[in-house]
Amino acid sequence: EKWEVGKMMIAQQKQLNAPRPKSQSCFDALPRCIVTSSILPFVMCDDWLQFRSASRGCHEILHDRDTTGIESVWRLALVRDYGFEFEEEENAADGNEFQYRSIRSPVRPRSVEQAFLSTDGLFVTSDPFAAWKHWRKIDLRLRQESGRPRGSLSSGERVNGPYFLRALSMWTKIERWCDDESLSGSTLGRDVHTSLLPGRALDPNPKGSVESANSSAFRAVYAFYAGQRDPDDNPFTGLLGGFQAYDVRSITLLEEPNFTDDENNHHQQDNNVLIASGEMKVIVMDLNTGQIYFLSVEGNTMNTRQQLVATPCQGGIESRTISHGVMIQKPSDPSDGKDSVLRWFEEHARRLDRDYYSVGNIIEYVDVVSGASFASIEYPSLLRFPSARDVENCSRAVTRGVEAVASAIYVPEMNMFVYSIRLRLLAPDDDGAEEGNYASRELRGFDTCQLVS
C-alpha cells in the first residue's frame, strides 16, 4: 500500500511541475489573412522587421510562403519603398511564378577600384522578400556612404529599383560595345573601357540644401561607373564621341563628379550638376528637376550662349531669349525631367549597341617646331555622325559599285549643322556589297576612282 501511495504522490508532483499551456493573446488569435491584409499594409516596412522579432509566430507570418497574402505584402514593400509597379498578370502567364529582379550588393569593405555595383550582379527570384532585402542593402549602403538618413531624402532622391535595373542594362550595352572589336575597333573600345572609373555612391545634394531634388536616376547611373579618367595617349577616347569640322575637333568626355561645399566648384553651380564636357560645351543636370541640358559656352568659361533641353519632353518645351541673344529652353512640365539623365545615357547606349556610330580618325595637328611646321597625328575615336546602319538619319546610295554615305548632325556649340560624306569603292566582301551593289571591274569600267571638286 505504501508503494502505491508513493507512486500516486510522484504522479501528482509531475502534474504540478508540467508546463501549463500559455493563454493565447488577442493578436495571436487573429487569422493571418487579417494581419496581412488589414494591419501590415498600414505599417512602415521598418516596423515589419521589429514585428517579426516579437515572436516566432510573428516571424512565421512574414516569412511563411503558405501565409495567405504574404507575397502581396512583400510586393507592396517593393512598390512603396523602391518604386516598382506590378500588374497582377505580369510575368505570371501560363502558370509561371511571379519573377522579381534585384542586384546583389557586396557587403565586404570595397577597395577604391571596386565599383559600388556591377553589371554581373543581376539576379531573378520568385521570392519578393529576397528581392526587397537586396534593394534594402543597396539603400542602406547608399545612405551610409552619403551620410544622410532616409528621412532627410526627398522622394526624388530615394533608391528607385527600376532606375537601377535600367542603368544596369544600359551599362551592359556599353560594356558589350567596348569589348566587341568589330564595333569599337581594335584599341578604342579597350581604351574607353579602361578609362571608365568605378561606380560610387554619389549624392549630388550632400547637405540636403535642395529640398525637392531629383537625383534618383543620377545615383543609379553612377553606381556602376562614375566618369572617365583623363586620357593619356589618345585625347579622343571620350565615351560620348566626337567630330571634326573645319578647324574644330571636339570630343565629349564623361566627367568624374566631385561634390564639395566649395562655392567655386565647377561640378555643381546654380544647382547644375556637371555630367560631361567638350570643346565649347558642357552637359549638365538640373538638380531641382533632374532634366539634362546642353550648354554651349564661351571658350573655357561657363558663360552660357545656349541652353538646350537634351532629352524629349512629353509636355513640350518652352523657349525664350534673354539678354545678349542667349536662348534658354525648359520643359513645360518639370516632371518630364525626373529620369532625363538615364534616358540620355540609354539612347547613347542603344545607338552603340545597334552600331549606329562608326569608329574613325580625328586628326590632331601638332606644332613640331614652334612657328615652323606642323605634323598630323590620327587618333581613333567614336564619331558622332550616324552610320549607314541608322537608316533614319543616314543616306546611302551605290552607283556602279561606288558607295556614297552622307549624314549630318546639329552642333550647338558651332550653331550650325555639320555633315560627313564618305565614299568608297566596294569590294566583294565589304559590308553593304550584297544585293547586287558590288560591281566588277568589267561592269563598272574602271579600276579606281576619286572625288573631283
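Modeller: The largest nonpolar core has 75 residues, and those with the most contacts inside it are Trp 135, Phe 164, Trp 171 and Ile 275. Helix H7 (residues 161-179) supplies the largest share of this core, namely 10 residues. A nonpolar core here is a set of buried Ala, Val, Leu, Ile, Met, Phe, Trp, Tyr and Cys residues joined through side-chain atoms within 4.5 Å. Buried means under 20% relative accessible area, exposed means over 50%, and partly exposed is what lies in between, with a 1.4 Å probe and protein chains only. Helices (H or I, at least four residues) and strands (E, at least two) are DSSP runs, numbered from the N terminus. In soluble globular proteins, nonpolar side chains tend to be buried together.

Before going on, please keep in mind that this is a predicted model, in which local features need pLDDT of at least 70 and side-chain atom pairs count only at pLDDT 80 or more, while totals for chains, interfaces and linings use all residues. Residues are numbered from 1 along each chain as its sequence is written, and side-chain values use heavy atoms, with hydrogens and water left out.

As for the whole protein, its secondary structure comes to 12 helices and 19 strands, and buried residues make up 43% of its 453 residues. Among contacts (heavy atoms within 4.5 Å) between residues at least 6 apart in sequence, 56% join residues at least 24 apart.

Now to Phe 164, one of the core residues with the most contacts. Not counting residues up to four places away in sequence, Phe 164 touches Ile 103, Leu 117, Trp 135, Ile 138, Leu 142, Val 159, Arg 219, Ala 220, Ala 223 and Phe 224.

Aromatic rings deserve a separate look. A pair of aromatic rings is described by the distance of the centres and the angle of the planes. Rings of Phe, Tyr and Trp (its six-membered ring) pair if their centres lie within 6.5 Å, and planes under 30 degrees apart count as stacked, over 60 as edge-to-face and the rest as tilted. A search of the whole structure finds 13 aromatic pairs. In one of these, the rings of Trp 135 and Phe 164 have their centres 6.2 Å apart and their planes at 65°, so the pair is edge-to-face. Because Trp 135 lies in helix H6 (residues 128-146) and Phe 164 in helix H7, this pair ties together parts that are 29 residues apart in sequence. Trp 135 counts as buried, at 0% relative accessibility, and Phe 164 counts as buried at 1%.

Phe 218 and Tyr 222 form an aromatic pair that is stacked, with 4.3 Å from centre to centre and 25° between the planes. Both residues lie in helix H10 (residues 216-222), four residues apart, which is about one turn of the helix. Phe 218 is buried, at 0% relative accessibility, and Tyr 222 is buried with a relative accessible area of 0%. Ring pairs also link Phe 218 and Tyr 222 into a cluster with Trp 171, Tyr 225, Trp 344 and Phe 345.

A ring can also have a charge over it, and this is counted if NZ of Lys or CZ of Arg is within 6 Å of the ring centre and within 35 degrees of the ring normal. The charged end of Arg 141 sits over the ring of Phe 116, 4.0 Å from its centre.

The side chain of Ser 250 makes a polar contact with the side chain of Lys 281 (3.4 Å). A polar contact is a pair of N or O atoms within 3.5 Å; within protein, one must be able to donate a hydrogen and the other to accept it, and residues adjacent in sequence count only if both atoms are side-chain atoms. Leaving aside neighbours within four places in sequence, the residues in contact with Ser 250 include Gly 241, Phe 243, Ile 362 and Glu 413.

Finally, the walk reaches some exposed loop residues. Asp 120, in the loop between strand S1 (100-103) and strand S2 (122-125), counts as exposed at 64% relative accessibility, and its side chain makes a polar contact with the side chain of Ser 118 (2.5 Å). Arg 400 has a positive phi of about 50° although it is not a glycine, and Arg 400 is exposed, with a relative accessible area of 52%.
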